[in-house]
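Biologist: Can you walk me through this model? Keep it short, please.
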Amino acid sequence: MATSDRTAQLRKGVLELAILAVLDTGEYYAIEIIGQLSEQPALTATPGTVYPLLARLDKAGKVTTRWVEAGGGPPRKYYRLTDEGRAALADGATAWSALSGAMHSILRREGRVS
């Protein structure tokens with residue numbers, strides 16, 4: 001597996017948690033979420049990846065949506081965390097902390113990270 005393929009697979013695994021974390025700071029429409037993810041190059045995602053994730057989060061009750069008229073353009077669908085989404089974010093953050101700490105420890109022991 002090429003490095004870029006490996007990075008893409010790892011990113012897919014954490015993208016849902018990253019979206020929940022973005023939405024924990026406010027209500028956003030999809031392009032704003034993609035923009036915030038892009039501020040971290042390792043989390044850059046395309047609309048083709050983010051829209052299905054948002055639809056899945058909505059179906060699972062982790063986000064709620066509302067349409068807002070946009071001046072001069074089509075209406076925008078805004079996403080906001082629900083209580084269930086906040087609980088999923090808390091659980092995911094705990095799991096991520098344990099997993100990333102364990103991986104960092106192993107990789108540091110092997111001299112692969114500092």
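Biologist: What should I know before reading it?

Modeller: This is a predicted model, where local features need pLDDT of at least 70, side-chain atom pairs count only at pLDDT 80 or more, and totals for chains, interfaces and linings use all residues. Residues are numbered from 1 along each chain as its sequence is written, and side-chain values use heavy atoms, with hydrogens and water left out.

Biologist: What pLDDT does the chain average?

Modeller: The average is 93, and 97% of the residues score at least 70. pLDDT is the predictor's confidence in each residue, from 0 to 100.

Biologist: Where is confidence lowest, and where highest?

Modeller: Helix H1 (residues 3-23) is lowest, with a mean of 88. Strand S1 (residues 28-29) is highest, at 98. Helices (H or I, at least four residues) and strands (E, at least two) are DSSP runs, numbered from the N terminus.

Biologist: Switching to charges. How many salt bridges?

Modeller: Six, by this rule: a side-chain nitrogen of Lys or Arg within 4 Å of a carboxyl oxygen of Asp or Glu.

Biologist: Which residue does Arg56 pair with?

Modeller: Glu16, at 3.3 Å, N to O. Arg56 lies in helix H3 (residues 47-59) and Glu16 in helix H1, so the pair ties together parts that are 40 residues apart in sequence.

Biologist: Which residues are in a network with Glu16?

Modeller: Salt bridges link Glu16, Arg56 and Lys62 in a network.

Biologist: New topic. Which residues are buried in helix H2?

Modeller: In H2 (residues 30-38), Ala30, Ile33, Ile34 and Leu37 are buried. Seen down the axis of H2, they fall within an arc of 100 degrees, so they line one face of the helix. The arc is that of the directions from the helix axis to the C-beta atoms.

Biologist: And Thr82, buried or exposed?

Modeller: Thr82 is buried, at 18% relative accessible area. Thr82 sits in the loop between strand S3 (73-81) and H4.

Biologist: What does Thr82 touch?

Modeller: Gly61, Lys62, Val63 and Thr64, not counting residues up to four places away in sequence. Contact means heavy atoms within 4.5 Å.

Biologist: Last one. Where is Val113?

Modeller: Val113 is in the segment after helix H4 (83-109). Val113 is partly exposed, at 31% relative accessibility.

Conventions:
Buried means under 20% relative accessible area, exposed over 50%, partly exposed in between (1.4 Å probe, protein chains only).
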